[in-house]
Amino acid sequence: MPAIALCGSGPTVGLRAVRYARLADVTVPAVVAPEKPVVPTAGDIALDTGVPDGARTTPEPAGEPLANAERYDDLAAALAAHDVAAVDVSIPAASGPITTAADAGLPVLAPPPLATSPSALADLADRVATSGAWLQNGSLHRESRFYERLRKKVTNGAVGQVGVVRFARTIPGPRWGWNAWYVAPGDALVAAAHDLDVLRWTCGDIERVFARRGESDAYAHLHLLVQFRDGARGQVDVTVDADAARDRSAGRDTAGPDPRLTAEVSGDRGRIRLTDDDVAPVWRASDPGASDPDVPADDCYARLCRSFAAHCRTGERPESGFEGAAATTRTVLAARRSLEEGRPVVPEVIE
Amino acid sequence: MTVRVGICSTAHTNAEVYGSLLSEMPEVDLVGISDENPGRGRQRAAAVGVPLLSRSALFDAADGVLVCSPTVDHEAIFEEAIGDDVAVLTEKPLATTVATARRIRDRASEAGLLAGMAYPIRFSRSMHWARAAYREGRLGDLVAVSAINRGRMPGGWFADPDLAGGGAVMDHTEHIVDTVHWLLDERVVEVYADLATRFHDIPVEDVNLLSMELERGAPFVLDGSWSTPDEDPFWGDATVELVGTDDAIAADTFGQRLSHVQESRARTTESVYWGADPNVGLLRDFVVAIQEHRQPRATLDTGVESVAVMEAAYESAERGEPVDVRY
């Protein structure tokens, strides 16, 4: 029975707690977060099909998911107090907690970017290598059915040689829904990290990044132009409603913008394209968030939690581990350097 | 007053569209078509029921002409128009280089020629909504611009660097750059271009990704690639999104479309634009400009500015770094 410590902000920890509570053999004895986590109301329906063994299918698991978990300000204190088998870090650039977990020899789930500077990333790499601990790349897109299908089609040659990949989105998204992993981040570059990870996953290594941004108190915008090693090009375009992002990060609902996403891969033999018109098979007038038939028992978060728990049980290393997350982190750091210096930057040589 | 209009060359795919629209305008007498390719010209002329004329005969017969030739021929055609004092509405780009574009503009200006650029997106109602929202202050200060203008690779002279001056950059940068200049009253000052040839076996670029900076510092990104598949149900797209400090607005020139599934052809779906045609506004402005002896809305100055941005894009791609635009 894996005992998993959760480390993050209140809302991100709450999202994970609900999913882990649906895994019959997983416990969460400790939570490291600055405030008592807000556990979101799932509001889902009973599923009777398609949920793998080990996942509960009732609308709500009995009781409060974190009722038996103790809150800590510091991961080291949590690890000292509890017999923990693994650590789930749900906030980006958390090199401190990742290092603490790795030093303790524990498996870690963490999203890119893993660190805020090349030196911090290099230090993290040393610590992970020395400890022998493993890390699972916590990029939620890799658990999305859409991105998985997109990747399969592209890698199987469905569009031929890729010319331009374009992801454009407005965040934050709704409380729930297929795009729900953009609930929290207000930093456009951190949000773009998920897209960069999918780009790498789908089209291979990124050789060069150029970035620009515009910012204000209410809205911010970031765009990235990338070159892949095989010559394909990519564009990531993120617009942030900063007020809504701040509210969502604090666990408050706001009106915010409609979620918007265009994901497109154009090649010499075709194009794959998805927009928001393609993602909402359920419509409800009173609740724009109720547009996705996926439920917390089996959405992206649930699949990520389930995957991490399975790797913890078996000890089998995940397909995308530290190196995968680190490569995406280097791309994010290169984009940050490009923003600072106004020139294209090569992720591989960033120091 | 009926205005006598002709079409000078049908090398550009839009010549067919213009011919059809002009032939239906009651205030226009479509007097004829000239073409350096007589076979093509005869076909186009017959389609709208007008004679195929020599260029000099066309210029004698017309008050104004639409120039739809390969870009490299523009300067010579302008010289002839100046000689005959025939108004010109020219397809973009104005020229293959900034130096030539400036020379055309200066010669036309010295001669007092009535001349403008064929920038139909300025006449898109969606773009007018976006412009009004911005100018009335409803978006606040500008934070960023994000735009797309992709299309199918047109082939022919469009992909011949000697005739077109380049590829997707020359074909699919200008509409959006001009529209953004017009929407915001500020120009692009810096360009970083990521260009490549990935979709077609052609001697010019078909990937056209531009990251730009506007005069007041806002970023402006444009995908103007020839990336639309030939089998796509619609030819391409032209959208502009403005992000402000108070609100954001996205305008899609061709957003009003219907789908038509044709059972007679295996699994073929056509996407049909049914909104107000911006080309009608463009042509009407040209006709009214002739009637009122004023310049068309998009002057040759705007054409020079667009070519300056495109020239900067090629220089950026060559150097691998952002470059300043020299207007």
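This note walks through a predicted model of a protein chain, point by point.

1. **Before you start.** Residues are numbered from 1 along each chain as its sequence is written, while chains are lettered from A and ligands numbered from 1 in the order in which they are written. Because the model is predicted, local features need pLDDT of at least 70 and side-chain atom pairs count only at pLDDT 80 or more, whereas totals for chains, interfaces and linings use all residues; side-chain values use heavy atoms, with hydrogens and water left out.

2. **The whole chain.** Chain A holds nine helices and twelve strands. These are DSSP runs numbered from the N terminus: helices are H or I with at least four residues, strands E with at least two. Among contacts with a separation of 6 or more, 70% are between residues 24 or more positions apart; a contact means heavy atoms within 4.5 Å.

3. **A six-stranded sheet.** Look for the open sheet of chain A with the order β8-β9-β10-β7-β11-β12 and mixed pairing. Its edge strands are β8 (206-215) and β12 (270-274), each pairing on one side only. From one strand to the next, the twist averages 10°. Two strands pair if DSSP finds at least two bridges between them. As background, strands of a sheet pair through backbone hydrogen bonds, either parallel or antiparallel.

4. β8(A) runs antiparallel to β9 (residues 219-228) of chain A, and nine bridges join them. You can find Gly214(A) opposite His221(A) in β9(A). Helix α9 (residues 322-341) lies across β8 and β9 of chain A, at about 50° to β8(A). For such angles, axes are lines fitted to C-alpha atoms (for helices over the stretch in contact), and angles run from 0 to 180 degrees between N-to-C directions.

5. **Helix α5, a helix with a buried face.** Which residues of α5 (residues 145-155) of chain A are buried? They are Phe146(A), Tyr147(A), Leu150(A) and Val154(A). Seen down the axis of α5(A), these buried residues fall within an arc of 90°, so they line one face of the helix; the arc is that of the directions from the helix axis to the C-beta atoms. An α-helix has 3.6 residues a turn, so residues three or four places apart point the same way. The cover over the buried residues of α5(A) includes β7 (162-171), α6 (188-203), β11 (260-267) and β12 of chain A.

6. **The two ends of α5.** At the start of α5(A), a side-chain oxygen of Ser144(A) comes to within 3.1 Å of the backbone nitrogen of Phe146(A). After the helix comes Gly157(A), whose phi is positive, near 85°.

7. **A buried aspartate.** Asp195(A) sits in helix α6 of chain A. Is Asp195(A) buried or exposed? At 0% relative accessibility, Asp195(A) counts as buried. The side chain of Asp195(A) makes a polar contact with that of Arg169(A) (2.7 Å). A polar contact is a pair of N or O atoms within 3.5 Å; within protein, one must be able to donate a hydrogen and the other to accept it, and residues adjacent in sequence count only if both atoms are side-chain atoms.

8. **Strand β4 and its neighbours.** In β4 (residues 86-89) of chain A, Ala86(A) and Asp88(A) point one way and Val87(A) and Val89(A) the other way, and all are buried. β4(A) pairs in the parallel sense with β1 (residues 4-7) over four bridges, and Ile4(A) stands opposite Ala86(A). β4(A) also pairs in the parallel sense with β5 (residues 108-110) of chain A, over two bridges; there, Val108(A) is the bridge partner of Val87(A).

Terms used:
Buried means under 20% relative accessible area, exposed over 50%, partly exposed in between (1.4 Å probe, protein chains only).
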